[in-house]
Each structure stands twice: as C-alpha cells, then as structure tokens.
Amino acid sequence: MIRAVFLLFVGSAGWAQVAVPPLTARVTDLTGTLSREQQAGLERMLQEFEGRKGAQLAVLMVPSTKPEQIEQYALRVAEQWKVGRKKVDDGAILVVAKDDRALRIEVGYGLEGALNDATAAGIIREVIVPRFREGDFYGGTNAGLDRMIRVIDGEPLPEPSRGPPAAEGMGQLLPVLLVGALVGGAILRGVLGRFLGAAATGGG
C-alpha cells in the first residue's frame, strides 16, 4: 500500500505545472541566457516604447514549460501578469521555452487588430527563430521585440497618461473648491453686503 502511494505521488509530480514567476521586470530570464547588460538594454527599449505608445510588452524566458504546451503556459502567464492597460488590454508577452525550442507571443485583445496570430507567427518564424538557430538569443529577442513595436505603432491606441499625479488629482479637487467658493461667497455677502460681497467673490 505504501509503495502504491509512493508511485502515485511520483507519477503526479511529473505532471506538475511549471510555476509562473512574479512580474518584477519587463524582461525575466530564468535560463541565465541574457547578460545583465542585454537585459538592461531590452528593458530600456520596452520602457521607452511604453512611455511613448502606452502599450506594454514583456519577455519571459524559461527552460521548459513541460508537461504543458507553451500555448497553455503562455496563457497562464498572461492571466497572472495582466500586462497592458486596464480597459485597453494592449499588452503582449514573448514567451521563450529555450530547452523545448518553443516560442509564443501572447497578445491582448487591444492589439489583435495589428498583432494578430498570423503576424505574430511571422515574427517568430522569420525574425526570431533564424537568430535563435545561430545561438543568438539576445539578437533574436531584440529583433523580435523591435518588429512587434513597429507593428503596434501602426495601431491606433489611447494616448499614454503623461500628467503628473498632482495634475491628475486636480479633477477630484474641483467640487471641493466650488463648494468652498459658494460658502465663502455667502459669508462675504452677509458681512459686506450683497454688492461688495459679490464683487469680492468675482461677481457671484
């Protein structure tokens, strides 16, 4: 009985899903393939693109997704990371399973008009894979992201938010300021008289 339980445990462990790492950067390499300088360069590229266009791109490199197919794993990554702006869903993730020799570009609904399945497959097949076959994983990733950016640039998207937090909060302060002006005007009219009080509050 103990042996049967042990065999069941070992068999089920072989089917455990590969964990999705937490999103801590735009480029996550769990294979040790990219150098720090290469990761930093890709980070800058994606950060500048996000600041200019608003859309968010990310990269995840893992050794393998087995026993899952990369399509199922990439979908879990997208569901957990939630890349892209709310209500716009303009995120895309390049998932690379290095040992499996498998790639996937998972695209949010907001980008499917431009970066559809056929276009994503073409980027993988024509841009990324030829460089990966030569062992140039940084070059393939960089070129793939560059092509994705060029494609997304042609998609009409909402402008990224550029105002500082203080400016964004001004809209919430307007009702308070309006109420304050009305109360203050009533007090001034009571003290100075209707005509002088109206003049002091701007003609209320």
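**Entry 1: R150 and D146**

I began with R150, which forms a salt bridge with D146, the closest N and O atoms being 2.8 Å apart. The term here takes a side-chain nitrogen of Lys or Arg within 4 Å of a carboxyl oxygen of Asp or Glu. The model is predicted: local features need pLDDT of at least 70 and side-chain atom pairs count only at pLDDT 80 or more, while totals for chains, interfaces and linings use all residues. Numbering runs from 1 along each chain as its sequence is written, and side-chain values use heavy atoms, with hydrogens and water left out.

Why do R150 and D146 sit about one helical turn apart? They are four residues apart in helix α5, and that spacing gives the turn. An α-helix has 3.6 residues a turn, so residues three or four places apart point the same way. Helices (H or I, at least four residues) and strands (E, at least two) are DSSP runs here, numbered from the N terminus.

I looked up accessibility next, with buried meaning under 20% relative accessible area, exposed over 50%, and partly exposed in between (1.4 Å probe, protein chains only). R150 is exposed because its relative accessible area is 58%; D146, at 31%, counts as partly exposed.

**Entry 2: other salt bridges**

How many salt bridges does a search of the whole structure find? I get eight. One of them joins the side chains of R104 and E106, 3.1 Å from N to O. R104 counts as partly exposed because its relative accessibility is 27%, whereas E106 is at 14% and so counts as buried. E126 and R125 also meet through their side chains, at 3.4 Å from N to O. Both E126 and R125 are exposed.

**Entry 3: helix α5**

I checked the length of α5 (residues 137-153). Its 17 residues should span 24 Å at 1.5 Å a residue, and the end C-alpha atoms are 24 Å apart, so the two agree. The expected span is 1.5 Å times one less than the number of residues.

At the N-terminal end, D136 caps α5: one of its side-chain oxygens lies 2.8 Å from the backbone nitrogen of G139. I count a polar contact as a pair of N or O atoms within 3.5 Å; within protein, one must be able to donate a hydrogen and the other to accept it, and residues adjacent in sequence count only if both atoms are side-chain atoms.

The buried residues of α5 include F137, G140, L145, M148 and I152. What do the buried residues of α5 pack against? The list is α2 (36-53), β2 (56-62), β3 (91-97), β4 (102-107) and α4 (117-133).

**Entry 4: the cores**

I then went through the nonpolar cores, each a set of buried Ala, Val, Leu, Ile, Met, Phe, Trp, Tyr and Cys residues joined through side-chain atoms within 4.5 Å. The largest has 33 residues, and those with the most contacts inside it are L57, I105, L115, M148 and I152. α2, β2, β3, β4, α4 and α5 each supply at least two residues of this core. α4 gives the most, with seven residues.

Leaving aside neighbours within four places in sequence, I152 is in contact with F49, K53, A55, L57, L111, L115 and L157. Another core lies apart from the largest one; it has 14 residues, among them V77, W81, V95 and A97.

**Entry 5: α2 and K53**

α2 has 18 residues and reaches 25 Å from first C-alpha to last, close to the 26 Å expected at 1.5 Å a residue. Its buried residues pack against β1 (27-29), β2 and α5. G54 follows α2 and has a positive phi, near 100°.

A polar atom of its side chain lies 2.8 Å from the backbone oxygen of E155. Not counting residues up to four places away in sequence, K53 touches R85, I152, D153, E155, L157, P158 and P160. I also noted that the C-alpha atoms of K53 and E159 are separated by 6.7 Å, though the two residues are 106 apart along the chain.

**Entry 6: β3 and β4**

β3 and β4 pair in the antiparallel sense over six bridges; pairing needs at least two DSSP bridges between the strands. A92 stands opposite V107 in β4. The hairpin has four residues between the strands, and R101 takes a positive phi there, near 55°. β4 is mostly covered, with five of its six residues buried.

Notes:
Contact = heavy atoms within 4.5 Å.
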